[in-house]
Each structure stands twice: as structure tokens, then as C-alpha cells.
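Subject: Structure handover

Hi,

Here is the structure I promised to pass on. Please open it alongside this note, and I will walk you through what came out of it.

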There are 2 protein chains.
Amino acid sequence: MHPDLSPSIPAAVGASLSGTNLERAGDHNQRVTLQAIRVGGPITRAELAEITGLTAPAIANITKRLLVEGLIVEAGRLLGQRGQPAMKLAINPNGCFSVGLNIDRDHISLVVLDLAGQVRARATREVDYALPDEVAEFARTELSAILATGTIKAKRLVGLGVALPDDLGKVHLPHQPDDYAIWDRTDLRTLFSGLPPLPVLVENDAAAAALGEAQFGLGLRHPSFFYLLISQGLGGGLVLDGQYFRGAEGRSGEIGFLPVRPATGPAYSLQDAVSLSALFNHMAARGYRLTQPDDLLSLDKGGQAALADWIAKAAGLLSGPMLSISCLINPQAVFVGGRLPGPVVDDLVAATNSRMAAECGQVPILAPLRRAAMAADAPAVGAAILPFNQRLLPGRSVLMKTAED
Amino acid sequence: MHPDLSPSIPAAVGASLSGTNLERAGDHNQRVTLQAIRVGGPITRAELAEITGLTAPAIANITKRLLVEGLIVEAGRLLGQRGQPAMKLAINPNGCFSVGLNIDRDHISLVVLDLAGQVRARATREVDYALPDEVAEFARTELSAILATGTIKAKRLVGLGVALPDDLGKVHLPHQPDDYAIWDRTDLRTLFSGLPPLPVLVENDAAAAALGEAQFGLGLRHPSFFYLLISQGLGGGLVLDGQYFRGAEGRSGEIGFLPVRPATGPAYSLQDAVSLSALFNHMAARGYRLTQPDDLLSLDKGGQAALADWIAKAAGLLSGPMLSISCLINPQAVFVGGRLPGPVVDDLVAATNSRMAAECGQVPILAPLRRAAMAADAPAVGAAILPFNQRLLPGRSVLMKTAED
DNA sequence: TCACTTTAGTTCTGTTTATGACTTATGGTA
DNA sequence: TACCATAAGTCATAAACAGAACTAAAGTGA
């Protein structure tokens, strides 16, 4: 595991043994209210009171604070009904921003996200095996350019989230330069000290993508899901009741390592067959040398047949693990995201779903695969959510003595 | 799903949108403190303040309340150190009790548990396909007898927990009487109204067993685990960060339904091969007619060989799903409980672990199987914990507007 | 037109609960 | 025996929400 990832695995039962006090309770209520506004769109104070279970005066106080802080705005009155028309409240899209950075072996990308969930600025560099200095320079340059446009105030930035694969500096891939292992020894918090002084939060890419889907994607309607991230490798993330579950050693969702044992030939791991690099290898073996995912959309007849073969094979390999997920975890759905083009994801999802239906036997409930609302940008967007989560949104925040304190 | 099980699946994000108030916060702190005493054994107020993050006066107030309520007792002073000797506090084993009832197709059992986790009374009836009236009569008779001894005061009972298989009235098994389907239409809360008027809480048996293991078994040291319950059928339960995860439709842990597709022959489900009834069938086919699990401990050579064959086969079938659990969920361990005799569980655990080690390939971390601390009684004990959880122990209790309110 | 109704939202007071400073208690240590 | 360290209680204070009363503003209908 990367040294920066999940720095604090909670001690046994300790996590649930924290008391709370009035300040914490108030903070929690403010976070809950903000989240209710974020999720419920423009919403009146009376509705907020109903949803949160708080009383009208409490909501009045909390919304007053949120208005003063500029996190929400008044968004028109609700006319046409009896009684005093209610003032609707909505997230202030310029109220606060967060920076998300995704580092992967074949690209680095940066987004600026607002609290309403809109990507307000984006920058990507397609570069293989970028080293820390290059990434830091990229982040500094792009962020300066974004801030220079003036639409985003530096003071409104609440933090920097970084999403990167667990094994970035660990696994040595064939074409990987030797010094790439430096990532394993890099402290990301100091690496980005050249930026405006922001809190830096780190998460693995699949987890970040899952978090993004939970907060701003289909997860809003499906609080428990497995997120399947098909990028350079194959990763996954588990969101249960709206909460990301990291696993005992921070390795939940490592679906890519699942062993596949074919009837003949040696065993291999699932991501050797189902991943962007596996797909590129498959296509190359058929004589189609692709350089980027979008090349998959402009294939000739033969290329399309090769792609269809890969999809059928991938669906066959995925259906078993997906059945396991359905039975063991029973999430509402499995969302598929990553860097595959949308139509290819759709085909893979359909093929896997029908494979599962054919194989399911007595399985009582199948969690259907669906294309995720966030795909290519998902890890970066998810990374950007981390600071929001820590500062503004409800979580385990009612508890005292967090790792940071 | 049984109608009584998980009556309130939380609406999407709503679960996390509840505000809190002072009373709730205070209640939460009291629950947290009680749990800290329960888990931490005899413990001083100063240590409680350290663990919970509350201040000494707050702990003083809370412990005073707990002492008045009789839930904790003073347990000797801590001498031999500088300063005033601290008073150690411990759970009052006679402070409160809970009744747990396990209903299964081949037996019904009842336990009375105290808050310290001790089974204070126990009753079992080995009866096939007991009907509701019979179970109610059993519970009434046994509970009266227990209360008649006088060691347990009726006033100190906080509730009745019931654990039963999800599909008790649903699935129709070969030897099952037709009227057994009445379970599906039975309201358990009214069924047990003949008892002292206790809150009745219902949970499926695997979930209850997992909960029991989490609160009073190995789960205290391993907050995230999968519990594998081998009883008449095969079930499972998922505990993550000390919290039982029920699944989107309340069907997490349904490992028994996982399809097995052998190289030759038709597909079947895992519990057709790995379960007490499957084992009995296997032994019967070899000429060994067993009537109860303990018969497995007194087999002759041939019987032992037949048992070993079954264990090898079961280990081979379990290793795949167990690898999936390791990769996808990454729990600290998998605990195996149920009605198999301990030595048989040990053999099965060892066989499965070595099978997994052989097959794991690149899997970064394996969750080892271990024999659960609670086995045969686990569902009943877990059921008895439900009322404790609702009334006394911390959970999602900081939130307002629970399903009950 | 105008009083009435209805709903939104604020103000004020009261309650609960934890905190902080201070005090008391009690046994070890020099 | 004087001193010190630690435990734990007391009291006043602050923070936060609840409840009741009040004001505001729009629709309703005679």
C-alpha cells in the first residue's frame, strides 16, 4: 500500500468509542443541512426541517450561518401556495471549490470542482510514467492558469485531493522506467507544497472514483454499490450505505488481483484480461495498434469483431466475481467506470448482465451492472470530493478525536 | 425475505441526513461509555475519559447515571500508584439481561444473556419443523422456568431477540410439512405476546451469529469480518468496522446460493454441497446415517475417511468464494461457526486455508479463515444482543428519527 | 375590498449537556 | 510528617437545540 494511503486504520473497536459534545453536534447538524441542500436541490427551510428532523429555529440558525459563509444562496421564493411564500435555498456554486488530481501511469489530470458537483476547470496531460516533479509542475502550472482566469478565487479553495493507484511505485511493469519507483518514497503532502497552502488528502484511484459516484453520480439514488474501475489496470471500490469502505488493510475492491484459472494453461489475474492495457494487447495481437481509448470508436469491421471478442471474453470472466458480489455483499448495483469509451462500457455491461442472468442459478437477487455516471474523470472528481467530505459534509464527523485532531 | 426482517430499508441518502440534538448526544455518550466499560473490562474513569475523548466531569456524570441504573458496578480500587487510587468500573453482570431465541428447521433454542456477555441460562429442543405455536410454548415455558429460579429478575429483561433463517417459510424442502409455510405469514411480535411484555427484535440467523461474534467473540479484536454459518443450510454475515451490513435488500452474506458449475454435470448451489444437511447426505451415501452433528466425533475409520473426503471437497468449493471475499471486501478474517463440531470446523478451516494459499496467485492479502468463538449458540446469542444494541450500546444512535420513532 | 386562513420564518426563553476552573480526597514519596 | 501526584467531584459558564409566541406575507372568499 502506498505510504500516504489510509494513514490511520482505526484501532479495533476504538472507532466507535468516541464521545461527542455540543460543538460537534452543531457541526454535524450544519454538515447534514448542507448535504440536504446539496442533494435536495433548491429546498425550503421547512423541508429541511422535515428531512433533518431538526426544528425550524435550528434550521434558521444553521442556514443563517451557511448564508454568511457563502456556502448557500437564496434561490427564489416558492409562490402559488397558501401562506407566506417559502424562500428556496441552494448551494452557492461559487461558494467553495476543491482541486482533484489523478495520477496514473499513462496520464495525469486535474479538475477544479465546485460544491454543486460541477467540474469548473479541467486539465489533462497524456504522459507515460510521469515523475513526481513533473506532476507537481503540472499541478502548479495548470492551477495557476485556472486561478488567473479569475472565475475561481484562491481563497475559496478548501483543499487538494489526490487519487492514484495503490501500487504506483510498487509494481514494476515491463515498460516502466526504473526511477518510477520513487513514487513509493514520495510524500505527497510536501510534493504539493508549491501550490497555495491547501490541505492535501490522498486516496487510491478506484476508491476516489467510487466516492465521486457516491456523491455526485448514481450513488445518490443507490447508497450501496460496487464501483468497477477499468483503467490502465482493474480496480474497484465499495460504497455501503453511502460510506466508502476501505477494508481492513485498505485493500477492498482489489478485484483486479482475483485469480482466473482457465481449463488449460496457467492461472492469471483478472486484470491481465480485463483492463485497458489488456484490451490494447488483445487488439494489438489482432493487428490493431491503438494509442488511446477513443481509437476503439473508429475501428473497421475486423477491429469491431476483435473488440466484440474481447467483450465476450471479459463478460465471461467478470460474471463470476459479479455473482459473488451480488450474493456476498448484496449492493444495489455495480457501476462501471474508467477510461473505456461509453459505448464500449455499455456493450460490456450488457454482455456481462446477460452472462450473469444465464449463470445465476438460485441466486435470489442480482445486482445489475450499469455504466457509471462519471467515467474518465471519476478518479479526479472523487479526489476533489475528499476535502469537501472532510470540511463540509457529514460522515463520521459527530465523533470526536478524528485522526487529524 | 421474511416479512419481519429488516422492516425499514433506509431511503437512499436519507439515512445520513438526520440531525442530532443534545439529548441524543448525551445518550450517545452514555452508550459509548458503557461500551467502553464492556469492552475494556474493569476500567477507571480517567481511562474512560482518555478513550472516549470526554472530560473527567462528563465521565463522572455519565458513570453516576450508569451506577444508579445498576448497569455498572464499582470493582475495586487501583492501588500501588501515585495519587489517589482510581476506582475501577465494570459491567454489572446482574444489571440487565436479554433473551435470545433461535428458530431453525431442526431445533429451537433459547438463551438468556447478560450485558457482560455470559450466557446465564440456556434451553434447546431438538425438534424438526417446529410450528409457531410450539415455539411460543417452548419460549414461554423455558423462560418461566428460568425466571422461577430467581437469579434473573424479570424487570431486568430488556428485550427478546429472534434469529431465524431468511427463508424459513419460503423454501419448501423435501421432508418439510406443508403447514410449515405458516412461518412466512406469522407476525413474530404478536406470537411472543404471551411472554413478559418485551420489545421483540428479529434478525436472520447468520446476521445474528455475526453480530454475536462481533460483540462478544473474535470480532472485538477484528472489527471487519465475514461470518460463515454452517448449519442446516449455509449462510453468512458481513460485519464492517464493527457494524453489521445488511445489504441493499437485506440479503448480504447469502453465500449459500452461489452457483457451482462443475466440469461435468449440472450446476448446483454452494449450500447443496457445504452445509450440515449436505454433509449428512454425503455420509449417508457412504453408509453412515447420522442424526446429530456430534455423531461426527465418533466415526470409525471408514467414516472418518468419508468425512475427510467431504472436507476436501468443501474446502475446494469454498476457496474461490473466500478469495473473492478477500479481494473484494478485504476483511480481517473469515470466522466459521454453526453446528459442525469444533474439530470438524478446525479441519475444514485448515483445508480451506491451504487451498486458498495454493490458489491465491497475486492476491495481495488473504483473509484467513478461523473457527468462530461462538459456534452452535451463536445465532441465539446474537439474537439476544439485538435488544442491547437498541437500548444500550452505541450504533447509529446519534442520529435522530430512527425507524422506531 | 378586506378580514381570514395558512404557511414561513424569527425571537425569546428554557432545558440539556459538556467544558473549564477550582476544590477535595487519598494514597505514595522523600 | 510534609509534599506531591492523581482521581474525581462541584459549580458556574457556554453552546446548541426545543417550544411557545410572534411577525410576515401570500392566497381565499364573502
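Leaving aside neighbours within four places in sequence, which residues is B:V158 in contact with? They are B:C96, B:F97, B:S98, B:L198, B:P199, B:P387, B:F388 and B:R391, where contact means heavy atoms within 4.5 Å.

Before going further, some housekeeping. This is a predicted model, in which local features need pLDDT of at least 70 and side-chain atom pairs count only at pLDDT 80 or more, while totals for chains, interfaces and linings use all residues. Residues are numbered from 1 along each chain as its sequence is written, chains are lettered from A and ligands numbered from 1 in the order in which they are written, and side-chain values use heavy atoms, with hydrogens and water left out.

Back to B:V158. This residue sits in strand β7 of chain B; helices (H or I, at least four residues) and strands (E, at least two) are DSSP runs, numbered from the N terminus. B:V158 has a relative accessibility of 8%, so it counts as buried. On that scale, buried means under 20% relative accessible area, exposed over 50%, and partly exposed in between (1.4 Å probe, protein chains only).

Now for chain A as a whole. Its secondary structure consists of 10 helices and 15 strands. The radius of gyration is 22 Å, close to the 22 Å that the globule rule gives for 405 residues, so chain A is as compact as a globular protein of that length. The radius is taken over C-alpha atoms, and the globule rule is 2.2 Å times the number of residues to the power 0.38. Along the principal axes, the C-alpha atoms of chain A fill a box of roughly 70 × 55 × 45 Å.

Of the 405 residues in chain A, 56% are buried. If you take the contacts between residues at least 6 apart in sequence, 67% of them join residues at least 24 apart. The accessible surface of chain A is about 16,300 Å², and carbon and sulfur atoms account for 52% of that; the areas come from the Shrake-Rupley method with a 1.4 Å probe, and for residues only the protein chains shown count as cover.

On charge, chain A carries 35 positive and 39 negative side chains, and the centres of the two sets are 8 Å apart. Lys and Arg count as positive and Asp and Glu as negative, with His and the chain ends not counted; each charge is placed at NZ of Lys, CZ of Arg, CG of Asp or CD of Glu.

The aromatic pairs may interest you. Over all chains there are 4 of them. Rings of Phe, Tyr and Trp (its six-membered ring) pair if their centres lie within 6.5 Å; planes under 30 degrees apart count as stacked, over 60 as edge-to-face and the rest as tilted. In one of the pairs, the ring centres of A:Y129 and A:Y180 are 4.9 Å apart with the planes at 80°, so this pair is edge-to-face. It links distant parts of the chain: A:Y129 is in the loop between β6 (119–125) and α4 (132–148) of chain A, and A:Y180, 51 residues away, is in the loop between β7 (157–164) and α5 (188–191). A:Y129 is buried at 13% relative accessibility, and A:Y180 is buried at 0%.

Chain B has an edge-to-face pair too, B:Y129 with B:Y180, at 4.9 Å centre to centre and 85° between the planes. B:Y129 is buried, with a relative accessible area of 13%, and B:Y180 is buried with 0%. The phi angle of B:Y129 is near 50°, a positive value in a residue other than glycine.

A:D241 also has a positive phi near 50° and is not a glycine. This residue lies in the loop between β10 (234–240) and β11 (243–245) of chain A and is partly exposed, at 37% relative accessible area.

Finally, a look at the loop between β15 (369–371) and α10 (378–391) of chain A, where A:D377 is found. A:D377 is buried, with a relative accessible area of 19%, and touches A:V111 and A:R122, not counting residues up to four places away in sequence.
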